[in-house]
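Here are some notes to read alongside the model. They are set out as numbered points, each on one part of the chain.

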Amino acid sequence: MPVPRRTAVVGAGIAGLAMARELHRQGIEVVVFEKGDDLGGTWNYDPRIDSDPAGLEPTREVVHSSVYLSLRTNLPRQIMGFVDYPFREDEDGDRRTFPGHKEVLRFVNEFAEEFGLRGMVRFGSEVVRVERVGTGLWLVEWKTKRSEEVLVSKEMFEAVVVCNGHFTQPRVPTIPGIEKWPGYQIHSHNYRVPETFRDKVVVIIGFAASAFDISRDVAKVAKEVHVASRSPEVMVMKVPNHDNIWQHKMVKYVTEESLVAFEDGSSIHADVMFYCTGYTYHFPFLETNGIVTIEDNRVGPLYKHVFPPSLAPSLSFIGLTEKDIIFQMTDLQCKWVARVLSGKVQLPSEKEMMTSVEEYYQWMEKNGYPKHTTHHLHFKEVEYCNWLAAEAGLPPVEDWKERMYVESIKSVFSMKDNYRDQWDDAYWDAIIKEASLSK
């Protein structure tokens, strides 16, 4: 494939902006399509919620952001930046080691300003179709609104990079009896503030970071909070240091009398069913004639989670992986894709890429990883980042970053209240200083 003259990037969040910078550095013209009116993607806090809070209605009015008002990062700011653009401390802003979402949005805007990225973005432009036309061209169709009028436009590009994020389409479990259960249902995508749940009995399904944070936030005003999970590690008990939070096994069934029965044999009458159950990948605009599919949350086939072998390198995806040093990994993916599109790095043959994908799927199956975890890095986060760094012509991830990432993940899984504010800053400052002196 010749070096593309123009590349379309879908989305102006972290991934889209990082991609725009790297393509521009390689001398490739970039057009970034952004549905919203500003930069930041999901980090752009929006107090509105979807017209269907549970996210079950296909025709609902969708709000892109999934950020709640009290949200803070799970990773320390020292590893929240890009490879060559650190997450700096704002003297007048949120200076905590684990900052809130406003500080992340500040980082996004400063990054865009420093590299002149805002001028590459077409705001208010929702991509509705991306389709390969002929050989080596992609048709991008988008719509814009002007007053009451909706305008549809089309344009051709040599390459497309999908950067629309994956924290908007809720993943909701199937619960026996839920169709008759009279309570209020909501997915974490639509959580903003706790006041809605004042004096309510709330059941939260999930055992990851969002369930932990939201259960503590809601418990400030709720009558009772019951956290249910499929995790075998869950202990059925009243949560220490909380008068109104209990842990349970998964919800077994619900009834039209508001009863919620758990697999541990207990039951309650609840007002709210709260799904902290993650998200599904969703690319309603993408037409590939069945080449790229989504099956049980596996987007595939994708070589290294980025390139569909038979459409590479003209189509790529950024930011699909989970359980990683997210901004750094995204930045490295962008650097790799830009070097591939510029012709500086060659991909393996289509056959070799497909073989790699199939071997990865076989490895997952052999090790008992379910299909829906395909884009989780399965404790190979640093190995993957180092592979990307090598492809981008960069040195491997610094040892201190790896150590800090592992320690922060341990803190998340500890489910310990206030773990963010009990971080040992002095210890890590010394580790980072020692690393810088040894270079």
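1. Leaving aside its neighbours within four places in sequence, with which residues is serine 411 in contact? Serine 411 touches Tyr419 and Trp423, where contact means heavy atoms within 4.5 Å. Its place is in helix H7, and serine 411 counts as buried because its relative accessible area is 14%; buried means under 20% relative accessible area, exposed over 50%, and partly exposed in between, with a 1.4 Å probe and protein chains only.

2. A word on the basis of these points: this is a predicted model, in which local features need pLDDT of at least 70 and side-chain atom pairs count only at pLDDT 80 or more, while totals for chains, interfaces and linings use all residues. Residues are numbered from 1 along each chain as its sequence is written, and side-chain values use heavy atoms, with hydrogens and water left out. Helices (H or I, at least four residues) and strands (E, at least two) are DSSP runs, numbered from the N terminus.

3. Helix H1 covers residues 14-25, and because 10 of its 12 residues are buried, H1 is largely enclosed by the rest of the structure. Among the buried residues are Ile14, Leu17, Met19, Arg21 and Glu22, and what covers the buried residues of H1 includes strand E1 (6-10), strand E2 (29-33), helix H2 (101-114), strand E3 (121-122), strand E7 (159-162) and H4. The end C-alpha atoms of H1 are 17 Å apart, which agrees with the 16 Å that its 12 residues should span at 1.5 Å a residue; the expected span is 1.5 Å times one less than the number of residues. Just after H1, glycine 27 takes a positive phi of about 80°.

4. In helix H2, the buried residues include His101, Glu103, Arg106, Phe107 and Phe111, and the elements that cover the buried residues of H2 include H1 and H4. For H2 the 14 residues should span 20 Å, and the end C-alpha atoms are 20 Å apart, which agrees. Glycine 116, which follows H2, has a positive phi, near 60°.

5. The axes of helix H4 (residues 326-341) and helix H6 (residues 381-391) come within 8 Å and cross at roughly 30°, the axes being lines fitted to C-alpha atoms over the stretch in contact, with angles that run from 0 to 180 degrees between N-to-C directions. In this contact Gln328, Met329, Leu332, Gln333, Trp336 and Arg339 of H4 meet Tyr384, Cys385, Trp387, Leu388, Ala389 and Glu391 of H6.

6. Histidine 226 lies in strand E10 (residues 224-229) and counts as buried because its relative accessible area is 4%. The side chain of histidine 226 makes a polar contact with the side chain of histidine 248 at 2.9 Å; a polar contact is a pair of N or O atoms within 3.5 Å, where within protein one must be able to donate a hydrogen and the other to accept it, and residues adjacent in sequence count only if both atoms are side-chain atoms. Leaving aside neighbours within four places in sequence, the residues in contact with histidine 226 include Val201, Ile204, Trp246 and Phe262.

7. Is aspartate 421 buried or exposed? Aspartate 421 counts as exposed because its relative accessibility is 51%, and it is found in the loop between helix H7 (399-413) and helix H8 (425-437). The side chain of aspartate 421 makes a polar contact with the side chain of arginine 72 (3.1 Å).
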